Structure formats: C-alpha cells, structure tokens
Amino acid sequence: MTALESVPRREVTPQARRQHRKQMLTVLAFMSPWILGFLIFTLYPMISSLYFSFTRYDLLGKPKWVGLHNYQFMFTQDVDFWLSVRNTLWIVVVAIPIRVVFAILTAMLLVRANKAIKIYRTMFFLPSIAPAVAASLAFVFLLNPVYGPVNQLLSKLGVANPPLWFQDPNWSKPGLVLLGLWGIGDTMIIFLAGLLDVPRQLYEAADIEGAGGWQKFRYITLPMISPVIFFSVITGIIGSFQYFTEAFVTSSQVGGLGAPEGSLLFYATHLYDQGFQSFRMGYASALAWVLLVVTLIFTLLIFRGSKRFVFYQGGMFR
Amino acid sequence: MKMLLPRKLAAVSLLAAVSLVISGCTAGTDDSGGGASVAPAPSITDKTPVTVTMWSPWTGRELKQFNQIFAGFTAKYPWITVDSKGGIPDDKLIAGINSGKPPDIAISFGVDNIGKYCQTGAWQNLSSRIAGGDGIDLAKVFPPSALTYTSYKGQQCALPFLTDAFGVYMNDDQMKAAGITAPPKTLTELQDMAKKLTKFGPDGAITTAGFVPWFTYYCCAMTGVNMGNMFGAKWYGDDGKSAFASDPQWANLFKWQRQFVADVYGNGDAAAGTAKLKKFIAGSGDEFGCSQDFVRGRVAITIDGEWRNAYMKDCSVKFGYSTAAWPVPDDLPDRYGSGSAGGTVVGIPKGAVHADAAWLLLRFMTTDTATIVHMANNINNVPTTYDSAKSPQLTLPEQFKPFLDIYANPMSSWRPNTGIGDTDESVLGKLMDRWDNMSVRDGDLQSELQKAADQVNTALNEVSGP
C-alpha cells in the first residue's frame, strides 16, 4: 500500500457539495468579465474568421461558401502573396537577429553603475514609447534622400551617393530596420534586467580562473541571459509576422501600399489590402489563418530548439 | 476534488460561440446585385414629419459649411428634418449597412467603391426614382462624365455632388522667361516646353523641372486614371476583360513616358534621366501643403486637380500661374479639352428607413443650384450641374474655369465602375512604379501588360465567382 492509498477517503456530503458549488460560482462571477471578453472579442471572431475563410465575403453581401478556393487561390494565383511572404521572411530572418544583438550590446553599455546611468537608460528607452505612426513619419523625413539629415551627414562624411532609403527598393527594408533599432528600448530594458540578474560570483570566479572578457561573455553572460534571448526571439518572430504599421505608413508616403516596387508589401499589409480595400474579407480571413498556423509552427520549432540553447538557473523546474 | 464545472463551462461557451456564428454572423444583405428596375416611381405625397439621417465624411469647417445647406431644404420640405453626422468614412458606412442600421442617405468620397455598392445592392438603384414623378432629367442637369462614375452597368445608384477635375497648372513667370506664351496642346509641345523650362545645377542635378513625367509622382498627377484618359486608353474590352494588353494605347503611354525622361533629363539616356528624376522627386515637398513642388516653384508645369487653386491662394504664392486642359497625344487632337472627372457621390443605402424622404433630400442636394454653388465656393470643388457651373454666384478664381470646361467636356470621364473597386488601378499602379524605376525593360512591356491584365481578370472572376 502506498502513502497516498493509506489516507482514508472522506465522504462528500451534500453540504460539502453545496459549499463547493458556491465557491465555484464565486470564482466564476469574478472571472466572468474575462470570460465574456474572451468569448466575444477572441473566440467568436476567431471562429467567424475561420468560417469566412471558406467563403466569398465582400462585407456587403452574404458570405457564399466556396470551400478551399481561397486557400487554393492564395498559393497558386495571388501574385502578391509570395512577394509579401518573401518581404516578411526578410524581416524575420534579418531584423530579429540584428535587434537582439543591438539590444544586448546596448544593455551591456548601460549595465554599469554610475551617476548618469539612469539618465542614459531613460534616453535609450524613450523612443520605444513613441507612437509607431509618428515614428514612421519622422523616419521618412530623417531618411529623405535629399533634405533628410542622415544623408546630409553621409554626404559631409564623403559618401558620394548615399542611399535613397524609402525611395529605393534595395534600401527600403534596411530603412525599416534602422527605424526598429531606434525603438530598441523595450527589448533593451528586458536584457538589462537579465544582465543585472547574472550572479556576480560567477564573474568573480571567472576572474580568478583568468578568463578574458570574451570568455566571460561567451560562457557566463550568454548562457545566463539565454532565456531572455529566447523570449525576445519568440516575441520578435510573432511581431515580425504581423509587421504592419511602419510598413503601411512609410510606403504610403512614397507612392502607395508596398511602394517602392512592392518592397514594403508585407503579409499583414497585403492582408489588410485584401480585406478592407479590395472587399475580399473571405480571402483576408484565409490569409489570417495561414499566418496563425505559420507563426505557430515557427514558435513550436523554436521552443523545440530551445532545449539545446536555453539555460535556466532553476534547472529542476525546466 | 472534481473539476467538472470548468470543463462544462468550456463546452457550453464553445457551443454558444458556434451558435452565434451559425445563427447569423452577419446581418448581410441580399446579393441582389441591385437588379434593374426602371418602372417609374410615383410622386411622394406622404408628409408625415420625419427625420432623415445623413452620414458624410466631412469634418470641421467643411462639415459646418455642408450643414448650412439643410436650411434651404427644410424650407422647401418643412416636414423633413435632417440629422447630419460627419466624419464617417466608407468603412464605417459599410459597417452600418452590414449591421442593418444604415443612414437614410450617405455621401462618399470613394468614387472607386460605387461599382461595388451598385453590384451588391448596398446602395439602392435610383433609376426608378429618377424616372418617376419626383425625378430628374439627367441629360439636362448633368454632363455625361458625371453619370459614368455614378453608375454601374446601366444602374444609377448614386448622383454626383461636387467633383474633382484634372488639368495642367503652369508657372506663368517661368513660361514667360522661357519665351512660352501658350499652354501645350500636344505631348510634343509639352516635351519641347519641358526642355526649355528645366534647369540643372553645376553637378547636373535638376533644380527646376519643366514637367515631371513620373507615374507615382504625388497622389494625383500621372495616375492610371489620368493617363488612361489622356491617351484615350480603354480599361476593358467589349468582352468585359481587361484591355491593358489588347489596347495599344497603354503601351504607347508607357513608351512615351520613358522617351520623355530620356530626352528631357537624360540626354537620350533613359537610365541617366531616371536617376536624376528620382533624386529630384525624392526632394518633393508635402503634397497638401505650401511646400508642394508647383506651389514653391520647383516644377513649371504639372497635372493636378482643381483644389490646387485653393493652395495657391492660401500659400500666397508670389508668381503668376494659369491653368488649362492637359495636352494630348499628337494623333488624338480631338481629345484636347477633356480630362479626368470624378468625385463626391451621394446615394441611399439599402435598408434606409426613410428612403422616400431621403430621395427628396438627395434630389435637392444634387440639383439645387444655390446649394451646389454654396458648396463649390466654400469647398473649392467643381460644381456638378450645368446650371451651377454657369451661375454668376460662383466666386471661384478665373483659373478655376478650365476645370469647369473639362468637367463639361463629353470625353471627360473617370474609370469604368466594376465590382473590384480600384483593384485594376492598383495593379496598373504597381506596374507603373516598376516602369518608373526601370525594373521593366522596354522589350518586356507587352508581357508585363498581359500579366497585369491577367491579374485584373482574375480579380473579376473572384468577384463574379462560381
């Protein structure tokens, strides 16, 4: 007989059942606002959009069932679909690593304790709370090829033909990367917290062993902040797949959605165009569900890979 | 301890959500396509007091000016009160129609949406009312151009209420300095004038452009609509399919643009001209402000809408300017004087509760000369009836007159209304963007036009569907 089996079972009396029911109702009552919100604003729209994805629906007439036609159209006939996928994958593959590295380097600069450090931390964080639309418009000005201050500085530094940034399909996405790096504060602050949490005695022990700066970074800092890197990569991927505001605002300033030459047509902007400008809400719903599935797959793959690369200090609870 | 309740709760929640979806995820409307119904409607005799709800996109000063017109309407129809709400764009209007709670009458700036509204019946077919006891003699009241962008396959589901028209603006001071005394009537004349008016700096960069032949220059200069009208290019063939590849005028348009750039800006080299022009355009000022290129004298001749006159006045420009119809291809002299015309439209949404009263208001707004003149004077758009365009009460500047003539020209038009909104123009615009930047070679033009046509045809098939 096990220790658990030796515990005598208590009889559940009607009074206990009533008490239990009352407790559950109290819990439900407090949870009900969230439950209602979830049902109305999350679950219902999700089920609706799944239904619409199998219909032809133009927002003005009744949805007409077309089965898998929208999905078939997406993969075989929509010229802009693959363009938007390529542009989005570019942001995922290029921008996220750059953001993570930049955030780590910035956080490492700000981890030192001195009097002015709080001011510097605030300065680095502030851009991240600027509204995305305002920031995008500001960067359209900053990166204006003729009168923008960036190109004027580059010209003074001797650069003969500075990039045309948002006017050039080869430089438009790097321009967005710069915009993203300017707003790195939110990611930086998380890395800062992670760096401050690294036990000092590990560095002291490494110093005693004669480890150099790179070795300490490689064998102590990186593993200890690997959970933060993991978090940043996951949230970065999710955010990048839904990349919309900056792309929408900048391209609208230089010639229209996706301009120049489709280089700023991302998946989310293509979805928006189909649903709200082309009156193809059924097809847009199909795009949304494909996006969900792909994002989920990417996230699961990274979670699976994290077992090899992420180190948790509280190892027994992994 | 059993945890049955949360599981049951989850199941009930899911069932409720699915039931909601099945029972009516949308109020929807009948996909009637606005079926043709031309039996004349009887005169409206019911004078029961009623309040008509009106939605429009205007805000601020323009909304205040707009609301002033209802005094005249109420004086004529004292039993009808108008409840006017502004700041309502098309997406909110669509939401209202979709929810079954539309306004009685709606104004839209989205001339590209009319085809969709007509096709789905979202806006009511007005043909029977137009032909009825309280009707309108359209041919006597409106120029033909007005009826092209307010109808779809013969159904009149909207009427015009002020409009935009496009022509050329010319910097008189620069033209005089270059010895040019008359506006260009042909594209050859435009090109010759542009050469004389263009100035280059010591580094070879353009400092003043005679004319900017760039499809994506600002929002409304060399758009697909404007260029298609300039060249008399057809958007669709008789079979209803896209004519981008089958009508040679589209190819002629693209070829003209490239040789213009090469000749005026590149010394015969299109790539060199494109590079210079690209850099020049990159320094363009805000289109809807005083730093707009023509307003600050950076461009000598430009295509623009009639609203630019208001900016010229508000920005107190120091140079003289004049306006005219845009030049046309040398082999199409008869098209000179025409242009693009399309703008604000008004209609009665499906499900309007007081449709009869709404019709009386719609008819008043779109035909009453004093109302249209009031709006034209205050909003600086083109008045949309013959009588209002001739009214001595118009206080618009003399440079406005060519736009009135352009609007009245029988060859002026917008773009054919379809059920795909502005998808056709968007597809063409993407090709124009790539052509501007020389990502499409001369030899690939026809195949690219065919691809664009195929894309439009695919979109049309998606709408009509199996």
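This note sets out numbered points on a predicted model with chains A and B.

1. Secondary structure of chain A. Chain A contains 13 helices and two strands. A student may wish to locate these elements in the structure before reading the points on overall form.

2. Overall form of chain A. Chain A has 318 residues, and a compact globule of that length would have a radius of gyration near 20 Å. The value for chain A is 26 Å. Along the principal axes, the C-alpha atoms of chain A occupy a box of roughly 85 × 75 × 35 Å.

3. Of the residues in chain A, 42% count as buried.

4. Surface and charge of chain A. Chain A carries 25 positive and 14 negative charges, whose mean positions are 8 Å apart.

5. Secondary structure and form of chain B. Chain B has 20 helices and 13 strands. Its radius of gyration of 25 Å is close to the 23 Å given by the globule rule for 466 residues, so chain B is as compact as a globular protein of that length. The C-alpha atoms of chain B fill a box of roughly 80 × 70 × 50 Å, taken along the principal axes.

6. Burial and contacts in chain B. In chain B, 60% of the 466 residues count as buried. Residues 24 or more positions apart make up 74% of the chain B contacts with a separation of 6 or more.

7. Surface and charge of chain B. Chain B exposes about 18,900 Å², of which carbon and sulfur atoms supply 55%. The 41 positive and 46 negative charges of chain B have mean positions 5 Å apart.

8. A sheet in chain B. Strands of a sheet pair through backbone hydrogen bonds, in either the parallel or the antiparallel sense. In chain B, five strands form an open sheet of mixed pairing, in the order E2-E1-E3-E13-E6. Strand E2 (80-85) and strand E6 (159-160) of chain B stand at the edges with a single partner strand each, so one side of each has no neighbour in the sheet.

9. One pairing within the sheet. In what sense do strand E1 and strand E3 of chain B pair? Strand E1 (residues 50-55) and strand E3 (residues 105-108) of chain B pair in the parallel sense, over two bridges. B:Trp55 stands opposite B:Ala106, a residue of E3(B).

Definitions and conventions: Residues numbered from 1 in each chain as written. Chains lettered and ligands numbered in written order. Predicted model: local features only at pLDDT ≥ 70, side-chain atom pairs only at ≥ 80, totals over all residues. Heavy atoms only, no water. Pairing = 2+ DSSP bridges. Helix = DSSP H or I, 4+ residues; strand = E, 2+ residues; numbered from the N terminus. Rg over C-alpha atoms; globule rule 2.2 N^0.38 Å. Buried < 20%, exposed > 50% of the residue type's maximum accessible area, 1.4 Å probe, protein only. Lys, Arg positive; Asp, Glu negative; His and termini not counted. Charge placed at Lys NZ, Arg CZ, Asp CG, Glu CD. Contact = heavy atoms within 4.5 Å. Areas by Shrake-Rupley, 256 points an atom, 1.4 Å probe, with all protein chains shown as cover.
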